[in-house]
Amino acid sequence: MNIQFLKYFITLAETNNFTQAAEKNHVVQSAFSSGIKKLEENLNCTLFFRDKRNVHLTKEGEALLPKAKTILSMWNAMESEFVEEKSKILNLGVLDVLDFDEIVPMMKSFNELYNSYQVNLIEGNTEILYEKLQKQEIDAIFIKSIPSQKNLDYRIITEDKLVFGVPQNHILAQKNKLELSVLHQLPFIKRYNCNLYDEIQEVLKVKNIEPDVIFSANGDDVAKSLVASGLGVSLLPQPKQEIEGIKFIPISDGDFRRKIVFVWKKDTVPSALEKLLSV
């Protein structure tokens with residue numbers, strides 16, 4: 001048995017998708033599938049039900065999953081005892097206008113598996129983060145767009161959709177959907193650092209919609225605070241949980257989506273980064 005096969009097994013159990021699981025483990029799908037098959041042969045049982053669309057754990061697979069996680073956790077702890085301290089530091093760049101809540105699940109999963117590792121988070125703008133990454137001053141960066149440089153690799157961490165953010169006591173808060181036209185001459189809080197800003201402006205221009213911009217916010221947190229205070233409406237990413245003072249309403253005639261992208265150098269993947277990428 002190979003410890004890597006257990007990692008493959010856990011990833012497939014969590015994703016239920018061979019392609020996604022192989023990508024998360026940075027191997028081609030044929031090698032990944034072979035690893036799962038060898039694990040099943042070693043244990044003399046079938047761990048997954050497979051068909052053209054779905055992959056699900058069998059009873060044997062369900063029984064193995066908690067044991068596999070325990071073994072992997074013990075292995076990681078044992079391995080960490082023999083890793084040099086300087087190799088247990090991970091330096092990550094974070095774009096200063098990103099909603100860090102979207103990154104928390106990845107960081108939490110990493111900490112649960114590798115709690116002896118130190119993660120340093122360095123904020124900055126896109127230009128500074130790319131410069132530090134290319135100079136190997138940081139190991140990877142969280143930014144808003146897919147990189148164009150050929151020496152970089154990436155993974156899309158999340159993709160969220162913009163919706164109306166309306167004060168809870170606003171008359172529009174009673175609506176289930178809103179058209180962009182309601183923004184015309186409406187007190188508006190502009191998020192000028194949004195990577196969808198140009199796209200939104202172009203759509204509003206074509207539709208002859210001119211919001212009354214009363215505040216320009218650098219990031220999401222400032223914009224949310226202004227909306228919650230009743231000072232105006234904004235276009236904000238749909239949150240995963242309710243925010244006091246704000247009603248989030250879908251846009252009926254627009255589809256604006258933004259990404260958070262994790263980027264690293266292809267030829268420079270330290271062991272700590274490899275572990276984060278396996279989460």
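Trainee: Where is Asp-139 found?
Mentor: Asp-139 sits in the loop that runs between α6 (126-134) and β5 (140-143). Keep in mind that this is a predicted model.

Trainee: Okay, and which side chain of opposite charge is nearest to Asp-139?
Mentor: That's Lys-265, but it is 10 Å away. Asp-139 has no salt bridge, even though it is buried.

Trainee: So what is Asp-139 in contact with, leaving aside its neighbours within four places in sequence?
Mentor: Its contacts are Ile-89, Leu-90, Asn-91, Leu-133, Trp-264, Pro-270 and Leu-273.

Trainee: Switching to cores. How many residues has the largest nonpolar core?
Mentor: It has 31 residues. Leu-92, Ile-141, Phe-142, Phe-262, Leu-273 and Leu-276 have the most contacts inside it.

Trainee: Which elements give two or more residues to this core?
Mentor: Those are β3 (89-95), α5 (104-113), α6, β5, β11 and α9 (271-277). The largest share comes from β11, with five residues.

Trainee: You mentioned Leu-276. What does Leu-276 touch?
Mentor: Not counting residues up to four places away in sequence, Leu-276 touches Leu-90, Leu-92, Met-106, Met-107, Phe-110 and Phe-262.

Trainee: Now the rings. How many aromatic pairs are in the whole structure?
Mentor: A search finds nine. One of them is Phe-110 with Tyr-114, a tilted pair at 5.3 Å centre to centre, with 40 degrees between the planes.

Trainee: Why does Phe-110 count as buried?
Mentor: Because its relative accessibility is 2%, and buried means under 20%. Tyr-114 is buried too, with a relative accessible area of 3%.

Trainee: And how are the rings of Phe-110 and Tyr-117 arranged?
Mentor: They form an edge-to-face pair, 6.0 Å centre to centre and 70 degrees between the planes. Both Phe-110 and Tyr-117 are buried. Elsewhere, ring pairs link Phe-5, Tyr-8, Phe-18 and Phe-32 into a cluster.

Trainee: Last topic, helix α8. Which residues of α8 are buried?
Mentor: In α8 (residues 220-228), they are Asp-220, Ala-223, Lys-224, Leu-226 and Val-227. They're on the same side of α8, because they cover an arc of only 165 degrees around the axis.

Trainee: What do the buried residues of α8 pack against?
Mentor: Strands: β6 (152-167), β7 (187-191), β8 (212-217), β9 (234-237), β10 (246-249) and β11 (257-265).

Trainee: And what about Gly-230, which follows α8?
Mentor: Gly-230 has a positive phi, near 85 degrees.

Conventions. Residues numbered from 1 in each chain as written. Predicted model: local features only at pLDDT ≥ 70, side-chain atom pairs only at ≥ 80, totals over all residues. Heavy atoms only, no water. Helix = DSSP H or I, 4+ residues; strand = E, 2+ residues; numbered from the N terminus. Buried < 20%, exposed > 50% of the residue type's maximum accessible area, 1.4 Å probe, protein only. Lys, Arg positive; Asp, Glu negative; His and termini not counted. Salt bridge = Lys/Arg side-chain N within 4 Å of Asp/Glu carboxyl O. Contact = heavy atoms within 4.5 Å. Phe/Tyr/Trp six-rings, centres within 6.5 Å; stacked < 30°, edge-to-face > 60°. Arc of directions from axis to C-beta. Core = buried A, V, L, I, M, F, W, Y, C linked by side-chain atoms within 4.5 Å.
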